[in-house]
Amino acid sequence: MTDPHPNSLADLITALDKLSPSDEEAMHAIVEILGMRLESKLAEVEQSEHYEEVSDSITIKNEQTTKAETIPHFTPYETSKKPAETSYPSALIPLEKSHVAPPAWFHNPLPLKSTEGSGGCTTSYPLQTLFLPNWTRAILISALSTYKNFGSIEIDEIINRISINEPLKQIPRRPLPTMVHGVQVLIDRSEALEPFYQDQTHLKSAIRKVAGSDRTKIMEFMGCPSWGVRAAKCDDWSDYHPPASRTTVLLITDLGILHNPYISNRAGVSDLLRFAAIVRKAGCSLVAFVPYPPARWQKPLHDAMTIIQWDRTTSTSTIQQIVKKALEA
Amino acid sequence: MIRDYQLLINKFESTNPNALRIAEVVSIAIRVEPELLRMARLTLVPEANAGDEADLWFSPLVQTRNMLGFVFYPEITKILRQRLASHVELLNDAWYEVFRKVHGSISPALFVEEEITWRALKDSNDPEIENLLRRILAAMVQEQGQNGVSHWVLRALPNLPDSIHQLQITQMLDLGASLRFGDADAFLSIQESATSAPTPDWISLFVPSNLGRVKIGVRFINAGIEFGDLDSMEGAETLEVPATNPL
């Protein structure tokens, strides 16, 4: 920072305070070193016994700015120690207020206030969803559909049967995925899913688009659905009832994987197994989207439901595995 | 105390190395939202999974959290930033690939705070840091009515990297903001600072007009000029000065 006159009155006060000049000569020297000049009639005052004749004040003229300033010598502590110090008659002459030219950067303030379109404390950047956007639809169709044989006719199968002289009781057709039986979506809103609340909202919307709003029933739960469900935040909790047979039940949960003593509503494996049994008994298939990798899934739950890692690693091959498993079942 | 936090980080790293790497990348942030966390993981720590995000979210490194995001302990932030600064390429990628995209739309004040942090971690002598701080000072002085900028300055300064605190412009910012909140002792911190350079003459530009004034006595004595309590100084003239501490 360049400054044509770096020494201010404050510097002079500091210098005089720290150096405490014992005589006028020393004080003059300090003032001059700082680029100022002392105009004083001190000598006259000292020589004269008639102090009242001295009416001029003491001023310091800054040689570079030629602005006159009163000499400060701030010694408040000494004052209290020397109450009997002789004071000389003097008068304070108010000076013109100095006008410091603002530096160039002063005219270029940073625009710090949020403007329209900027989101204040929160970002407006879209969340990168856990499932790859291009794959989400395919993953949902594969995971939530049941498979029925109403596709194209299986010519090879017909030829095989005829060749072994087996009667055709019904025309074999290729299996096709269908969501005609609907989907019951159960969203875990416990604290453990806090980092994924927005993902849940995105997914909920995507499921409605894929399965159709009229065939999608969405409910919330905390930890385990059998502890109670509700359709919306304003609703009361009620007992869980499985949907009609063949409906796919989708759990969006962490399956109680997060171990944190400060997190409440953590479901245990036995709770989830009991819930899976209720769903199975009703003739429904149970699928779970879990944000944790397979290495962290509890083994007993593998056989009780179809678990799909809710992350970018779920891809084409995962979908093929899901379809294969569904057809085998 | 820092040592304890270092141990905490080491322990967390031993069980969640990927989550800690994500923590380093997002440590520039004032607050870590799900959007930032996700972008950091997918872009710069692709080996991590969504579970690592959750592990970091609920980790002991986090001071406060809610569904909108979380904040690290300040001491943890300091260590994480040091670790990030030791990987220059990652540091720059974090800024250009993550922060500029995800936080480009947040409050300009928060964004500039993160930019200053990034610059300080990259090169503490970056002249742009001082330039940004000066322009913040200008914004504070020219702010009309509310003290939003001053409030932000007082909140933000302690969280900036240590190298920023050595700058005179930072001290001036602190002083200006403190005076706007009626902290008459603000000058003490400037005076006590060993690194303090001579007070710039433009200091008068940002001293608030509503700063109180006090009357002191001044008189001409044999040894020079004496300032002090008006009532206890015989023959003193009255001088009105800004009510700072020290005067």
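In this predicted model, A:Y292 is found in the loop that links strand 11 (285-290) to helix 9 (299-302) of chain A. The residue counts as buried because 21 C-beta neighbours lie inside 10 Å of A:Y292, and the cut-off for that class is 20 or more. Apart from neighbours within four places in sequence, the contacts of A:Y292 are A:D254, A:I257, A:W297 and B:G51. Between A:Y292 and A:H28 there are 264 residues in sequence and a C-alpha to C-alpha distance of 79 Å.

The next feature is a helix pair in chain A. Two packed helices are described by the angle between their axes and the distance between the axes. For helix 1 (residues 9-19) and helix 2 (residues 24-33) of chain A, the axes come within 10 Å and cross at roughly 145°. The crossing of helix 1 of chain A with helix 2 of chain A is right-handed. Helix 1 of chain A contributes A:L12, A:A15, A:L16 and A:L19 to this contact, while helix 2 of chain A contributes A:M27, A:I30 and A:V31. By class, the contact comprises seven nonpolar residues, with no polar and no charged ones.

Chain B is divided by its domain assignment into domain 1 (1-103), domain 2 (107-210) and domain 3 (213-242). Where domain 1 of chain B meets domain 2 of chain B, eleven residues of domain 1 are in contact with ten residues of domain 2. On the domain 1 side, the elements giving two or more residues are helix 5 (74-85) and helix 6 (88-102) of chain B. Helix 5 of chain B gives the most to that side, with four residues. The residues on the domain 1 side comprise nine nonpolar, one polar and one charged.

Technical notes: Residues numbered from 1 in each chain as written. Chains lettered and ligands numbered in written order. Predicted model: local features only at pLDDT ≥ 70, side-chain atom pairs only at ≥ 80, totals over all residues. Axes fitted to C-alpha atoms, helices over the stretch in contact; angles between N-to-C directions. Left-handed = near helix turned anticlockwise from the far one by under 90°. Contact = placed C-beta atoms within 7 Å. Nonpolar A, V, L, I, M, F, W, Y, C, P; charged D, E, K, R; others polar. Buried ≥ 20, exposed ≤ 12 C-beta atoms within 10 Å, placed from the backbone. Domains from an automatic or database assignment.
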